[in-house]
Amino acid sequence: QTLPPGPSKAACSPGRREAEDNEAGESKGSAHSSTPKMKVLATILALALVGSAAAELRVPLQYRAGATAQRAALGAAMARGLTEADFTEEQRALLVSATDANEPINDYMNAQFYGSIDVGTPGQAFEVVFDTGSSNLWVPSEKCTNCGSHPKYDSSKSSSYKGNGKEWNITYGSGPVKGFESADDVTVAGLTTKDFTFAEVTDASGLGLAYSMGKFDGILGMGWPSISVDKLPTWFQSMMKQGVVDKGVFQFTFPDVSGQMGELTLGGIDKSKFTGELQYTPLSSETYWAFDLDDMSISGSSVTSTKKAILDTGTSLLAGPTADVKSIMSTLGAKPSFLNPNEYTVDCSKVSSLPDITIKFGGNTYTLAAKDYVINAENVMCLVGITGIDVPAPMGPLWIMGDVFMRKYVAVFDVDNKQVGVAPVASA
């Protein structure tokens with residue numbers, strides 16, 4: 001997970017923390033990878049306009065298992081007698097990255113929901129993570145020499161390109177990610193945001209092996225302008241200003257089953273995706289989508305003293321202060337995984353008897369059962385979907401409500417009213 005000055009994707013690494021220390025604006029930049037059998041084919045479809053000038057857009061997002069779930073499956077295979085020699089190159093890279101303390105994109109590798117965008121005229125297609133934990137759009141540049149097989153943006157092929165050339169940089173624990181700023185049209189779901197400034201990445205060495213081998217191309221940040229590198233306008237902010245959407249609100253609906261489609265709704269709320277009424281919580285700051293955390297408890301006992309949380313679509317797990325997570329693992333009887341000491345396993349035969357985790361914010365209570373927070377690989381290896389991330393002040397400490405939370409609860413991000421809304425996902 002890689003939040004600009006804060007916690008998510010890159011937060012798992014020293015590099016993330018460097019970005020977090022710079023509240024003025026080092027934005028996150030991380031990556032997610034996938035195995036060859038899990039190629040994401042997310043296609044964005046334009047729906048009918050909901051008004052004369054603006055539209056409510058629905059962006060289908062395909063769900064695939066993240067890196068943690070993939071490692072659980074590899075662990076189950078190894079428990080059955082397979083060795084690394086039996087795995088593909090990509091799978092072995094996944095195991096290597098799990099033990100690399102300087103790997104900056106462990107969290108982005110866990111990202112599970114992707115959609116397609118077009119940059120330029122005619123459009124050049126990229127597969128991106130729609131990430132509420134960062135605020136910039138970046139894609140590989142045709143000038144990049146270490147971006148692997150990812151498609152690369154070529155400004156010479158776009159009639160709507162406008163040069164800028166200002167340097168754009170982020171530093172990770174394993175190295176720098178460098179590029180420069182450009183402006184061009186960005187099209188999502190058939191509707192275009194004109195003259196949008198984004199970053200062309202020319203040096204992706206700081207993203208590590210997993211990115212060069214991975215299937216995701218770039219990141220489209222949906223956080224607030226305050227955490228945007230160079231304070232560049234955000235994509236959704238630009239959509240609002242140009243009247244591409246009616247309302248300053250968007251909604252993520254994530255499925256709980258691999259292979260099913262999720263959805264990003266832009267400019268409106270799709271009530272068919274959840275049950276009951278949305279429960280809103282005001283933001284505590286316009287950086288990440290941050291709000292006050294009332295409490296987190298197990299069996300009636302509080303398990304954290306941290307009073308801040310964020311909703312982050314670029315983080316697949318629940319993530320919180322390392323000391324809190326270790327205490328929770330002790331309560332659950334979880335042990336460090338042999339594949340990655342920062343991930344914890346539980347006895348699969350005992351999952352059904354594990355306690356609920358209760359999360360309270362905005363005066364409302366949300367419950368995660370063991371089946372919600374445990375990643376079960378064939379009843380052979382069961383990983384707990386919670387990890388430790390120590391986000392330094394002033395952004396932290398905090399808890400990140402990642403996809404583990406949002407697969408059970410629809411999340412609405414209300415720019416107009418500066419609040420987040422949550423409701424249970426409707427059954428398929």
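**Stop 1: a loop residue**

Select T306, in the loop between β14 (301–302) and β15 (308–311). Helices (H or I, at least four residues) and strands (E, at least two) are DSSP runs, numbered from the N terminus. The model is predicted: local features need pLDDT of at least 70, side-chain atom pairs count only at pLDDT 80 or more, and totals for chains, interfaces and linings use all residues. Residues are numbered from 1 along each chain as its sequence is written, and side-chain values use heavy atoms, with hydrogens and water left out.

T306 has 6% relative accessibility and counts as buried. Buried means under 20% relative accessible area, exposed over 50%, and partly exposed in between (1.4 Å probe, protein chains only). Now show what T306 touches. Beyond its neighbours within four places in sequence, T306 contacts L293, P321, D324, P397, L398 and W399. Contact means heavy atoms within 4.5 Å.

**Stop 2: a four-strand sheet**

Next, select the open sheet with the order β17-β18-β22-β21. Its pairing is antiparallel. Two strands pair if DSSP finds at least two bridges between them. The edge strands, β17 (335–336) and β21 (374–377), each pair on one side only. β17 and β18 (residues 344–346) are joined by two bridges in the antiparallel sense. Select K335: T345 in β18 stands opposite.

**Stop 3: the cores**

Which residues have the most contacts inside the largest nonpolar core? Select L266 and F405. That core has 76 residues. Strand β13 (residues 289–298) gives the most to this core, with five residues. A second, separate core has 16 residues, including I170, A199, L207 and Y211. A nonpolar core is a set of buried Ala, Val, Leu, Ile, Met, Phe, Trp, Tyr and Cys residues joined through side-chain atoms within 4.5 Å.

**Stop 4: aromatic rings**

The structure holds 17 aromatic pairs. Select F405 and Y409: their ring centres are 4.9 Å apart and their planes at 25 degrees, so the pair is stacked. Rings of Phe, Tyr and Trp (its six-membered ring) pair if their centres lie within 6.5 Å; planes under 30 degrees apart count as stacked, over 60 as edge-to-face and the rest as tilted. F405 and Y409 are both buried. Then select W224, F236, F250, F252, F254, W289 and F413, which form one aromatic cluster.

**Stop 5**

V425 follows β26 (419–424). V425 is partly exposed, at 23% relative accessible area. Not counting residues up to four places away in sequence, V425 touches F254, K273, F274, M406, R407, K408, Y409 and V410.

F216 sits in the loop between α5 (208–213) and β8 (218–221). F216 is buried, with a relative accessible area of 0%. The C-alpha atoms of F216 and V129 are separated by 7.4 Å, though the two are 87 residues apart along the chain.

**Last stop: the whole chain**

Select everything. The protein chain has nine helices and 26 strands. Of its 428 residues, 61% are buried.
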